[in-house]
Amino acid sequence: MKSYTQKILTVVGALFITVSAFSQNITGTVYDEKGQTMPGVTVRIEASTKGDASDMDGKYSIENVAPGQYTLVFTFIGYKDLVQTVTMPATGNLTVNKNMEVDAEVLSEFVVVGYGVQRKREVTGSITTVKPKDITDIPAPSFEAALQGKAAGVQVTQGSGMAGSASVVRIRGIASISAGGDPLYVVDGIPITQDYFLNGNRGGMNTNPLATINPNDIESIDILKDAAATGIYGSRGANGVILITTKRGRNKGVKFDFSARLGTSHPTARPNMLNSSQYLQLYQEAWENDGNVGLAPLPGGVSWDDARKTDTDWVDETIGVGFKQAYNLGVSRGWDKVNAFFGVGYEDNGTFLIGNSYERTSFRTNIDWQLAKNLKLGFGTSLSRGVNNRVSAAWSGGLGDAMSTALPIYPIYWGTDKYSYLANGDSVLEHAATDFWTNGPNPVRQREGQEWRTQEWRSLSNVRLDYEPVKNLIVSGSFAFDYMDLRDDIYTDKLLRNANRLQNFSSRAERYPTWVDNWNTNVTANYMYDLDDNNSFTFLVGSEYQQSRNRGLNNITREDPSVTGPFFRNRDLLNQEFIPQEIVEGDTIAAVPGFINGGSRVTGRSNFISYFARVNYDFKRKYFAQVSARVDGSSKFGANNRYGFFPSASAGWILSDEAFIEDLGVFSFLKLTAGVGLVGNAAIPDYQQYGSFAIVENSYNNEPIRFLATPSNPDIRWETANIIDASLEMGFFEDRLTSKISVYKKNTRDVLLNVSPQPSTGFDNFWDNLGRIVNQGVELEIGANIIDSRDFIWRSDLNIAYNDNKITSIGDYSPDAVSGGTNDTRVVVGAPVGTNFLVRFSHVDSETGRPVYLDLNGNPTFTWDPANRVPIGRVLPKAVGGWTNTWTYKRWEVGLVVVYSLGANIYDSSSKRQLGVVTDWNMRTEIFDRWRQPGDEAAFPRLTRLTETHGAGTPWINTDMWLHQGDYMRFRRLSVTYNLPSFTVGAMKFDRASVTASAMNFFTITNFGGLDPEIARDFENVNDRNMSPNISYLTPPQEMSFVLQFNLNF
Amino acid sequence: MKSFKTLTILAAAAALLSLTSCEDLLDKKPDQLTPDEAITNPQHLQELLNSVYDIAANTYDGRLQNLGELLGDNLIRPTQNDDYAEVWQRNTIFFNGSVGDGFRQSYRAILRANSVIENIGNISLSEDEVLRFEAEARFLRALAHFDVVRLFAQPYGFTPSNTHFGVAIRTFTRPDALPRSTVAEVYDVVISDLIFAEANLPDQNDVYANKWAAKALLSRVYFQMHEYNLAASYATEVIESSPFTLADTLTFYTWPEVSSEAIFAIYSAPRGENVSDNRSGAFRNNYSTLVNTILRLQPEYYNAATTNGGPRATFYEQTTQDDNTFFETNIFNADNFHIPVLSITEMRLTRAEALSYLNLNLTTAVNDINLIRSRAYGNDLFNLPESANADQIKSAARNERRFELAFTGDRTQQLKRRGAEGEDILIRNAPWDCPGMALQFPVTEQVDGFPLNPTGGCN
């Protein structure tokens, strides 16, 4: 099917060259529907070989035309064919200018579906297509961030403000708990490596495996949402599929597309932490409230004298203005039989976190070669390098420390020389005045003492052969390779390793390397068969083999005097022969000479063998039906469940072609589709069926050990989702107003849970298919050209998706049995995935200032007992959507993207320490509204250092006091573009140029009092990622950015 | 004809597609061992057994002892460790990470011990080896079950027949949910494991468990059960027949040599000069006076420990910050040290106290006390007279025991034992059997038939 599009392209791009004796010419200019000149339009004289294609200025010229009457045909894909009869006079030339008209039916175009393309009209599943302009309009390194608000039912929560951080993408709710809940990403037919936890959660951040894909190389993104669309992906289609198609060469000649972008990065909000005198006052108040006298002993062993002299604003020390730049060049080149696209890009995305940036250098080429009339070779490859210059955040330090344990009474430097006295009375310098202060968290010392770089090399390549042995039968073979080389290099300077000048630890270099190779090969046969004028069939059969291998070394570490920088700058250090001569006391000594941990090898391997078939039936171009089926076998599935079968069936009906609808005179287009199918989710870690024994080579008493780590489960298998979907597409006023309503219900069973059995089993977790989840919802899309005049156009698109999510079973386990890592959410039957399970806070007792909670029966109690937890609050929004506007006035264009999320709660998890029991955490200024004396009605309890005052033994008191409404409406992007007309500079002729100024995340409407209502925190594991979006824990705010962009086409 | 050609090509395409249908491709076994292939020779079994020691070493590196110690009256409330502060308040909730860790570590040891026992039959071994493997595994299983039931349940004697709730008894590796056994049932399993271990462990066994360790543990178990006769006789056997002798120097947290009196120790194997496979972190990191000290002493403890001076008093220091004075111990300041789990000191103090209960062989008891005292004070000034009566001996044994076995959690168990025996014991103003004196289980331990402990009640 794909080659069908390209055939049309080839025809369009074909050049007709003739030699003739006449010297009269037909010339002219072709314009598009907006009056812009239009390149690449084929103009030919019917029933002859004469013709031309319009150039970059829309001009064409057909030379040597004899006088007489001709029929000129103007064609361009997506536009209606124009036919005009002209007469060439006896002398002189003829000028024919034309305005092309968009063909709503054709331009609406081709949609990429699994293993092919379909005309949009014929599609019976739920698919949303996102165009390239929408993909590159956000200065985030990774394309998925730009999908936010642009497709109904696709919830995108942008990663935090950390450079390169990963967004959470959920299609039509969430139906997985322990297995990956992300959609399947397929780039040019390859299901790519998309593991967010290749590097775990190091430094308060998860690796984003999509960040090395340059959004500028993407031609389109098609989001498959229901079983009719994703059924062909079988055991991996349940959470939706995102198909990414990269740009290919088109048309003859050469075309350049250059863009440059410069911008700045700022936080959307700043933490409001106490300053030194405020902190001291409140800390002492807590001390005295607890019945103590005298001055409270301060954290970090700081004396009151020193504390009063110090006032460090750690937020200022960790947040600055980030600088962004990006340059991209795309070249499209066409020859007679070959079309090629080349893209190169460089970008450096600095963020507001001082020292943090993501740099990407990328190259892609896609080449199509028509080897013979019925044989075409396609080749594509990309190579990119992403370098993340990391800083610690959240729980790991940096801004996270500034929001918690880095107190304003802590100085950055010692300020005066500090001596310690030996037993014999001698004194030694312990800290010089200019040394970093080390008695507590010091984010500046942490940043200066550490160099941290995560580098990813990524290459996605594929070769594809399309062969048409007989008419309408296309046999295709594709072979693809996806390679990832991920290296986390951490260098910890001795300044950070030594707390004082008496310590003598060496600097430490660590490396965490991971390699993933992912092979995919498939063969398909596609046969189009027209039984008669009314009945057409398309048959697809295929098979696919995919193998993914993940290798890594754990933590190669060296710490000895020869370590002076990270491994990537001191490759010698990686040489095992290079053993230090001298070992400094305090260094941990290697078991393997030179290495503390020679890097225990971890390997994961999995594969899929699949067979699939699809039949599309078209009756009278009005009635469409599709059935598909896929059989997936995978090494991830247990021996008792090796193969899964995934069928789907769907139908579409173009009602607007029926007389009874036409007669209404209301609809310019009306289409009804419905589908049902079974799809799966196979995002389980490798080898879970086997159980495992671990080996440690050098352990207790310097002897090896081996032990049972996980029990086996030969029954483990995919999650199964049964999806029903129906949609109605409508067009009014010649499709100036369009709308689509979809409803769906998705029943997922055998939901994979990584359960915690009784700890006394000695096992931590194992995987089992236990749960059931229901998702159901409605999606609405409305698009309109509200104003559509020659000079002024206002295009507006609105979408909203409502999803209801409920867990209906988790087997015999309790809500706490599904380990959620650090999250504060639980799996509760009858509640949505990701339910806050909390003790209810009632009020502050006005007599005692103590917090009052509610027990299970709703009775007030001073005791905080987690046995009184109830499911309360949801982390998933009920509704998400976006509103996109474009106002075009002559050469000016203004764009506005607004996104919103309704009905979610945010659990501001760190505020229980910032606003709860007074500890060695700094507090936020909200705490001023605290109880101070009997009779006070205050938002926060009496200040205390004793957890008993809060009725608990711990300051980690989770209550719904920290649960907030998370509704927000965010002005995602406002842009102003000026399009220059074509112009010439010296010999260079520019077809188009534009300048765009834009502001991102510059305005947000929300009730949420914390930093930012849009939260994708750092996640410990897949459970966390599914269940805890909207749980904030010292999470950096989102980025606000201002960007100036230049585009040139020539 | 045309359709025939199409059919031919379709058939060829189908044949091509089926090329990939190789069933074997779906068998991707991990590089890591799977349980069915992990243990195939005696060396593997030895490595499996060593993994039990490994986990025990990561349990008795201080983390289990600290939990017991925090319940008692030796320490003040920690200000920097929230989990520990909760234990100290004797109000642990089922999310307490440090408590959960101690619990899990103990049961990991039990799982691995059971894994050893289940694998013994799968490989060919000499009869002696069969017995040794099983005896070592059962010794370690008994140690873990015993300490878990002491920390997570009310003590032996809390109910007349010890039918009160104990912990789960695990004797197989299957991850089945189990109900809560009674304390009596847990002690039965512990004793039967130790009797087997005592009979089948070797006399000497490098750094691993030997038969004296089993006997010493039996003495400790019987002491806890108020079976003073058995406690004294096992202690006597160890003192008199084993190769282990009371150390001359006071500290038995030695390195690189293991203290001469350590019957069974957690061993930090040397890995170079001043470097070891360090298995003492939870002591050092919490007590050391060289770092931010987390666990600090009650002033009453400090005064009692230092009032007579002598070598033992040098283990204690005091520091001030603004208006506040803190008391700390430097006993765990060293970078490396082994941790005796069972010692001759304990055996002598157990014997002395047991004999005082029995009112038998009091001269032996006095001698035990005086050996300890003269070592602690560096002189004989505080020795008991030869004529000391049973009450004096009992009181002296308990007093010395508090300091000699400080920070091991022993103090808490002695107070519980005495409370269960009928003494009127208050620990930091709360009865010895207030609910919070039993640590709370991790939340997922709770299933039908396994109720959690009641909480609080100690403040």
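Tutor: A residue is buried if 20 or more other C-beta atoms lie within 10 Å of its own, exposed if 12 or fewer, and partly exposed in between, with C-beta atoms placed from the backbone. Helices (H or I, at least four residues) and strands (E, at least two) are DSSP runs, numbered from the N terminus. The model is predicted: local features need pLDDT of at least 70, side-chain atom pairs count only at pLDDT 80 or more, and totals for chains, interfaces and linings use all residues. Residues are numbered from 1 along each chain as its sequence is written, while chains are lettered from A and ligands numbered from 1 in the order in which they are written.

Student: Which residues of helix 15 of chain B are buried?

Tutor: Helix 15 of chain B covers residues 410–420, and ten of its eleven residues are buried, so it is largely enclosed by the rest of the structure. Two residues are in contact if their C-beta atoms, placed from the backbone, lie within 7 Å. The buried residues pack against helix 3 (63–71), helix 6 (127–152), helix 8 (211–224), helix 14 (390–404) and strand 5 (426–427) of chain B. The buried residues are B:Asp410, B:Arg411, B:Thr412, B:Gln413, B:Gln414, B:Leu415, B:Lys416, B:Arg417, B:Gly419 and B:Ala420.

Student: Which residue with a positive phi follows helix 15 of chain B?

Tutor: The phi in question is near 115 degrees. The residue that follows helix 15 of chain B is B:Gly422.

Student: How far apart are the end C-alpha atoms of helix 12 of chain B?

Tutor: The expected span of a helix is 1.5 Å times one less than its number of residues. Helix 12 of chain B (residues 344–358) has 15 residues and should therefore span 21 Å. Of these residues, 13 are buried, so helix 12 of chain B is largely enclosed by the rest of the structure.

Student: What average pLDDT does chain B have?

Tutor: pLDDT is the predictor's confidence in each residue, from 0 to 100. In chain B, 95% of the residues score at least 70. The average for chain B is a pLDDT of 93.

Student: Which strand gives the largest share of the side of chain A that touches chain B?

Tutor: In the complex, 67 residues of chain A are in contact with 73 residues of chain B. The elements that give two or more residues to this side of chain A include strand 25 (450–470), strand 26 (473–492) and strand 30 (600–619) of chain A. The largest share, five residues, comes from strand 30 of chain A.

Student: Is A:Lys878 buried, exposed or partly exposed?

Tutor: A:Lys878 lies in the loop between strand 45 (870–874) and strand 46 (879–889) of chain A. Leaving aside neighbours within four places in sequence, A:Lys878 is in contact with A:Tyr802, A:Asn803, A:Leu902 and A:Gly903. Because 17 other C-beta atoms lie within 10 Å, A:Lys878 is partly exposed.
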